Amino acid sequence: MPVTSHIFTTAIRNGEIRKFGTSAFQSHNRNLCCSLPPHSLKTLHALLKTASPTTLGSGSSIKDNPPWYIKKQSYRTTSQQYYNLTRPQVNSILKANEYRFKVPEFDGKNVSSILGFDSSQLAANVPIEDRRSVATCLQTRGMLFGVFDGHAGCACAQAVCERLFYYIAVSLLPHKTLLEVENAVENGRAVLPILQWHKHPNDYFSKEASKLYFSSLRTYWQELIDLNAGVQPDTQEVLINAFKRLDNDISLEAQVGDPNYFLNYWVLQVAFSGSTACVAHIDGADIQVANTGDSRAVLGVQEEDGSWTAVTLSNDHNAQNEDEIKRIRSQHPKNEEKTVVKQDRLLGLLMPFRAFGDVKFKWSIELQKMVLESGPDQLNENEHTKFIPPNYHTPPYLTAKPEVIHHRLRPQDKFLVLGTDGLWETMHRQEVVRVVGEYLTGVHLQQPISVGGYKVTLGQMQGLLMERKARSSSVFEDQNAATHLIRHAVGNNEFGVVDHKRLCKMLSLPEELARMYRDDITIIVVQFNSHVIGAQSNPGGGE
């Protein structure tokens, strides 16, 4: 059931934060995040676990056994029998983390171009390393949507999903409003609420670190006050600066450390793990997508004949992007040309070429040693702390700077899909848009069945025809477009239809095997109000 998140104002007493960015659905279940209590080091050791020279075994090498930076992992196989899940059990698993929100048609300032959004998640890692965030900007116009794909643990993705929108939101504030916020904090008064979060009950906020986060954010807006007096911020520049500044703060917080035992571990976890980010800021008919890494934003466009076309609003930052390879090579000496990108990975290790955190690819070797030596003793006992990426000569090799793409929405632009790479690894963007488009319109186009070159028996063809008949004559099982898309991503067979047996097998895989077959999947589907967009669009306007 869609429920609107409450707005909590920030209260400051004696310059300290009491509540900073929470939600009606704030959860404190430790199982939902990778934070660890002060007396436990299990999570940290799991985070830092890597294939180091001493753990590879005799005769092994980093090349033969890439460490945790590479998403593709190997596990021991088991002869476990797949459990035959019933349809209600399958639906329960798929719908466990779904969320819906309907945007008020009139929010008090303008008629919204957004009808609402659906989001959902399906874990492969335990705990899930993906994160998601959606929020309404209360002091400016627009909404923010983001998906965050963590690696080497969930710590960095968790921190970015909590903090990035605040960095963007304060950057968008007029100079006068920033002054009001700073004066309120300085004098111990309540601060104007900046964001209204729209969160699922399982979406975690690390309240233990909120004071630290608030301190870094305040320093940022103080600098904005000094630098941007009377200057109206440009949204594209705001997004780039917010990404870069948050990543810089993550790095600085890890270097400085914290006297609090828990926070000291936490800031190191955040900095040594990593996360991609794909964020959309939608204000009226203008959409800006800022992307760092290999998550993706795809626009669903309905053509005049009712068919669907996919328009990509982000570029993947990985080895499949030739421009990214050229960019990285141009930033390092000629003698590193063959080593900076190796085996389609950064330094032969990291798949995304842009990311938050991952200080092992950003700090100098001297800085890494200094931080680790001054850190907790248990940190130095882990072999990962002694591991330096091969051919590590001229850092930084990695940046969190996003690539920003602007699009002017048109009436035929019906929805936006934000998804982590777990979705795009299993489905082509055109198929994603078709599945969502048909779900939202409730229409399944009766196109000829394509079997993709497979030899199909008469029995199989009859099964395909029965599947089509059932799908066209019955209502969809899902009440959430993102969940519906996950169902297809996990359960589609070679003919492009959901196979219940395959879905059961994929959802009942044991923890140690699930990651071999699929990645974490996080999806947000934003549905647009075509009538409002049509009225807002300028005659002759476009992208």
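Start by selecting helix α12, residues 429-441, where glutamate 438 and arginine 434 lie four residues apart, about one turn of the helix; helices here are DSSP runs of H or I of at least four residues, strands are runs of E of at least two, and both are numbered from the N terminus. Show the two side chains: glutamate 438 forms a salt bridge with arginine 434, with the closest N and O atoms 2.9 Å apart, a salt bridge being a side-chain nitrogen of Lys or Arg within 4 Å of a carboxyl oxygen of Asp or Glu. Both glutamate 438 and arginine 434 are buried, where buried means under 20% relative accessible area, exposed over 50% and partly exposed in between, with a 1.4 Å probe and protein chains only.

The model is a predicted one, in which local features need pLDDT of at least 70 and side-chain atom pairs count only at pLDDT 80 or more, while totals for chains, interfaces and linings use all residues. Residues are numbered from 1 along each chain as its sequence is written, and side-chain values use heavy atoms, with hydrogens and water left out.

Next, select arginine 410 and aspartate 413, whose side chains meet in a salt bridge of 2.8 Å, N to O. Arginine 410 is partly exposed, at 23% relative accessible area, whereas aspartate 413 is buried, at 0%. Then move to arginine 515 and aspartate 519, where the salt bridge is 3.6 Å, N to O; arginine 515 counts as buried at 10% relative accessibility, and aspartate 519 counts as buried at 3%. To end this part, select Arg87, Glu477, Asp478 and Arg487, which are linked in a network of salt bridges; the structure holds 21 salt bridges.

Now turn to the strands and select β9, residues 286-292, in which six of the seven residues are buried. Strand β8, residues 274-283, runs antiparallel to β9 and is joined to it by seven bridges, two strands being paired if DSSP finds at least two bridges between them. Within this pair, alanine 277 stands opposite threonine 292, and glycine 284, in the turn of the hairpin, has a positive phi of about 65 degrees. Strand β15, residues 403-408, is also antiparallel to β9, with six bridges, and there isoleucine 405 is the bridge partner of valine 289.

Finally, select helix α4, whose buried residues are Thr177, Leu178, Val181, Glu182, Ala184 and Val185. These cover an arc of only 160 degrees around the axis, which puts them on the same side of α4, the arc being that of the directions from the helix axis to the C-beta atoms. On the other side of α4, Lys176 and Glu186 are exposed.
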